[in-house]
Number of protein chains: 2
Amino acid sequence: MSVTDELLANNARYAETFSGPLPLPPARHVAVVACMDARINVYGVLGLREGDAHVIRNAGGVITEDAIRSLAISQRLLGTEEIILIHHTDCGMLTFTDDGFRKSIENEVGIKPAWAAEAFDDLATDVRQSIARIKASPFVPKKDSVRGFVFDVASGRLDEVC
Amino acid sequence: MSVTDELLANNARYAETFSGPLPLPPARHVAVVACMDARINVYGVLGLREGDAHVIRNAGGVITEDAIRSLAISQRLLGTEEIILIHHTDCGMLTFTDDGFRKSIENEVGIKPAWAAEAFDDLATDVRQSIARIKASPFVPKKDSVRGFVFDVASGRLDEVC
């Protein structure tokens, strides 16, 4: 039995007490962009309930072109107005470099990715970089509340990056 | 008081009973790619606990270049081996076209995005498209368990796309 099969059994239990459907647009008008890290349960960390907020996640929680795509759809079509960015302590993105990662792939499979891995060496600096990318984008219309945080994987606390 | 401030108050309560840190690599060796839709609480839907699985999310839950970047980091650096894809019923991506979305942005701000919005008109077809993109990528090494599902926002159930 694969892990996927075990998780599907969990889903059957989840559905037993599920009550839906809820409306499509997020009730709290918020979009969260967080790292994919397994220790960040975004709904738990922010006390969100099903239907409250869009949740966008990728390696690092960085603002890539795809995150801009998602935020543009979130704000322009589904009415979100605030953005919350979440990086975290002990992040895997602090442990390698873009050059090293891309070279390792080239060495192994003979093809070097045309994309940056988006590794970083300072959490707060990268949160500010992500905020700057949102502020610079012509495709994300609502920028009055774009706030960035570092989630502490030891304490469970969000600390704001100023 | 903004919604962000309210969610930060929720976080303070979450941290009161939080126990960490857990290890960085996902305990269940799984990466999930799901739509950003507010109604999909991935940890709840799959019965995941903090530390279990990488969670990658974007508009549609589609396999974009950024999702490939995240999956490459997840598998190559952090040991995940299975991939679960989650689209869902009543998805916003079924309600517009790429051409229309990009044109509306061009009309409003004078700049047309150079990226596709990744809208789709059939859920199962787009799940299969996402699986095909993973299978075709030289950067995602482990492809033995790549399974795709549609989450029913009415019932809470995952239905596998074959």
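**Note on the chain A–chain B interface**

1. Six salt bridges cross the interface of chain B and chain A (side-chain nitrogen of Lys or Arg within 4 Å of a carboxyl oxygen of Asp or Glu). One of them pairs Glu6(A) with Arg28(B), whose closest N and O atoms are 2.5 Å apart.

2. The model is predicted: local features need pLDDT of at least 70, side-chain atom pairs count only at pLDDT 80 or more, and totals for chains, interfaces and linings use all residues. Residues are numbered from 1 along each chain as its sequence is written, chains are lettered from A in the order written, and side-chain values use heavy atoms, without hydrogens and water.

3. By class, the side of chain B that touches chain A has 46 nonpolar, 19 polar and 21 charged residues (Ala, Val, Leu, Ile, Met, Phe, Trp, Tyr, Cys and Pro count as nonpolar, Asp, Glu, Lys and Arg as charged, the others, Gly among them, as polar).

4. Contact (heavy atoms within 4.5 Å) takes 86 residues from chain B and 86 from chain A. Of chain B's interface residues, 100% are also interface residues in chain A, so the copies meet through the same surface.

5. Chain B superposes on chain A by a rotation of 180 degrees with 0.0 Å of shift along the axis, RMSD 0.0 Å (least squares on C-alpha atoms of residues with pLDDT of at least 70 in both). The two copies are thus related as by a two-fold rotation axis. Arg57(B) comes closest to that axis among chain B residues, at 2.3 Å (C-alpha).
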